[in-house]
Amino acid sequence: MSLTDTSKHSNCSAMSDVLSRIGDKWSVMVVGMLSRNGTLRFNELKRLINGVSQRMLTLTLRNLERDGLVSRTIYPEVPPRVEYSLTEMGKTLQEPINALWDWTAENHHSIIDARDIYDQRQHAVEAAEPRKIAYARGQ
């Protein structure tokens, strides 16, 4: 199946389906951490991914496992040890995810600066024409 023809509804649906999984914040973080660190236990992943809750990490790992991107290995020990790693298909995401991480690190300050400039411009427009802004918003 070729997804090059974007005018076909089925191709757009397929792209949307895949991007909704690999494009969410926590999935990118999990794939990135497993890519950079190899096999990790749950708590190691949780420590490496700033701000993720236990529940969200659990759901993300479960969904990535369901999609065949992450493998979960349970060792019959007391207490049980569970490790996560990228599958062969998951490893194919390493290059694009690492490129996204690198691009983000390279451009984050420029994005913050651009947001500040935009916000200052918007505040100036609102201050100069408060009635027009209120009218446009339906207030």
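1. The buried residues of α4 are Leu57, Thr60, Leu61 and Leu64; buried means under 20% relative accessible area, exposed over 50%, and partly exposed in between, with a 1.4 Å probe and protein chains only. They cover an arc of only 95° around the axis, which puts them on the same side of α4. The arc is that of the directions from the helix axis to the C-beta atoms. Arg55, Arg62 and Arg66 are exposed on the other side of α4. An α-helix has 3.6 residues a turn, so residues three or four places apart point the same way.

2. This is a predicted model, in which local features need pLDDT of at least 70 and side-chain atom pairs count only at pLDDT 80 or more, while totals for chains, interfaces and linings use all residues. Residues are numbered from 1 along each chain as its sequence is written, and side-chain values use heavy atoms, with hydrogens and water left out.

3. The length of α4 (residues 54-66) agrees with expectation: at 1.5 Å a residue its 13 residues should span 18 Å, and its end C-alpha atoms are 18 Å apart. The expected span is 1.5 Å times one less than the number of residues. Just after α4, Gly68 takes a positive phi of about 80°.

4. The protein has seven helices and three strands, in the order α-α-β-α-α-β-β-α-α-α from the N terminus on. Helices (H or I, at least four residues) and strands (E, at least two) are DSSP runs, numbered from the N terminus.

5. The three strands form an open sheet of order β1-β3-β2 with antiparallel pairing. β1 and β2 stand at the edges, each with a single partner strand, so one side of each is left without a neighbour in the sheet. Two strands pair if DSSP finds at least two bridges between them. β1 (residues 40-41) and β3 have two bridges, and β2 and β3 have six. Glu83 in β3 stands opposite Arg41 and also opposite Thr73.

6. Five of the six residues of β3 are buried, so this strand is largely enclosed by the rest of the structure.

7. A hairpin joins β2 to β3 through five residues. Pro79 is found in the loop between β2 (70-75) and β3 (81-86), and the peptide bond from Val78 to Pro79 is cis, with omega near -5°. Most peptide bonds are trans.

8. The largest nonpolar core has 21 residues, of which Leu34, Leu45, Ile49, Leu57, Leu61 and Tyr84 touch the most other members. The elements that give two or more residues to this core are α2 (25-37), α3 (42-48), α4 and β3; α2 gives the most, with six residues. A nonpolar core is a set of buried Ala, Val, Leu, Ile, Met, Phe, Trp, Tyr and Cys residues joined through side-chain atoms within 4.5 Å.

9. Which residues does Leu45 touch, not counting residues up to four places away in sequence? Leu45 touches Met33, Leu34, Leu40, Leu57, Leu61 and Tyr84, where contact means heavy atoms within 4.5 Å.

10. Of the 139 residues of the protein, 24% count as buried. Among contacts in the protein with a separation of 6 or more, residues 24 or more positions apart account for 43%.
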